[in-house]
Structure formats: C-alpha cells, structure tokens
Amino acid sequence: MGFIFTKKDIISLNQEFEEGNLNNEASLDFAISYAKRTENWTKALAWLTRAILIDHVFEEGNKRTAALLIKSYTEYEHCETYDDKIVKLIKEVILKNITSIKKIEDMIKDVIK
C-alpha cells in the first residue's frame, strides 16, 4: 500500500492549530506526488516532512503540523513513536537545514518504537 494521506488530510492537520492557509502549495503538491510513487512509507513521510519544515508549506504551524503528520502516519502504520524524539527531529531538520530525504527518513525511523 502506497501513500494514503491527501492534500486535504494534510491541510486538516494544520487546521488543528492554524487556519490551514498554504504558503507553498507547489512544494506540498510535489512532495505528495513523490510520496505516492514510493511503496516505502517512511520515505513518503520524509518527503512530506521536508516540504513542511524546509519549504514552509503553511503560513503558520509548520512544526506542529509536521509533528502531527509524523505521529498520525506512524499510528496509521500500526507503530508508536517517541514524542521527545519527534521534537528533536523537527528542531534538527530546521536548525541544520536538512534537505536530504535519506537523512530525514533515517531520522523518522529513529522516532519509531
């Protein structure tokens, strides 16, 4: 099973905290198109996480949206996460401007119990 979250789903996650206003819709569309092409759910999640955190997909709430996406998608895949490691992942991606999908994917694997 490939990627299952839609653009509407991701906007709804942002609306948990903010208005859901897109700042960089093209980046979100691009990330979703790549996520749909892979059977690897952690790689799909890495594409989306990168878009949200590095490309600032939303006007506000990108960090919280990325955290909720990681948690939600991981739960969908019947896994649990270390919430403190999700916070660390988000800080590190932003502060170190990590754009490598492979690196972000490895970081996501590290937050899974």
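In which helix is the place of Thr74? Thr74 sits in helix H4. The model is predicted. Its protein chain has six helices and zero strands, and Thr74 is a buried residue of that chain, with 0% relative accessibility.

**Overall fold**

- Read from the N terminus on, the elements of the protein chain follow the order α-α-α-α-α-α.
- Along the principal axes, the C-alpha atoms of the protein chain fill a box of roughly 30 × 30 × 25 Å.

**Burial, contacts and surface**

- Of the 113 residues in the protein chain, 43% are buried.
- Among contacts in the protein chain with a separation of 6 or more, 68% are between residues 24 or more positions apart.
- The protein chain has an accessible surface of about 6,200 Å². Carbon and sulfur atoms account for 48% of that surface.

**Charges**

- Side chains of opposite charge can pair when their charged atoms come close.
- How many salt bridges does a search of the whole structure find? The search finds eleven.
- One network of salt bridges links Lys7, Glu25 and Asp29.

**Lys71 and its two partners**

- Lys71 forms a salt bridge with Glu75, with an N to O distance of 3.8 Å.
- Both residues belong to helix H4, which covers residues 62–76. Because Glu75 and Lys71 are four residues apart in this helix, about one helical turn separates them.
- Lys71 also forms a salt bridge with Asp83, with an N to O distance of 3.0 Å.
- This second pair links distant parts of the chain, since Lys71 lies in helix H4 and Asp83 in helix H5 (residues 83–95), twelve residues apart.
- Is Lys71 buried or partly exposed? Lys71 has 26% relative accessibility, so it counts as partly exposed.
- Glu75 has 47% relative accessibility and counts as partly exposed. Asp83, with a relative accessible area of 42%, is partly exposed.

**Lys109 and Glu105**

- Lys109 and Glu105 form a salt bridge in which the closest N and O atoms are 3.6 Å apart.
- Lys109 and Glu105 are four residues apart in helix H6 (residues 101–111), so about one helical turn lies between them.
- Lys109 counts as partly exposed, at 41% relative accessibility, whereas Glu105 counts as buried, at 3%.
- The cut-off for buried is under 20% relative accessible area, and Glu105 is at 3%.

**Thr74 in its surroundings**

- Which residues does Thr74 touch, not counting residues up to four places away in sequence? They are Trp41, Leu45, Cys79, Glu80, Thr81 and Ile112.
- Thr74 is therefore a residue of helix H4 that counts as buried because its relative accessibility is 0%.

Conventions: Residues numbered from 1 in each chain as written. Predicted model: local features only at pLDDT ≥ 70, side-chain atom pairs only at ≥ 80, totals over all residues. Heavy atoms only, no water. Helix = DSSP H or I, 4+ residues; strand = E, 2+ residues; numbered from the N terminus. Buried < 20%, exposed > 50% of the residue type's maximum accessible area, 1.4 Å probe, protein only. Contact = heavy atoms within 4.5 Å. Areas by Shrake-Rupley, 256 points an atom, 1.4 Å probe, with all protein chains shown as cover. Salt bridge = Lys/Arg side-chain N within 4 Å of Asp/Glu carboxyl O.
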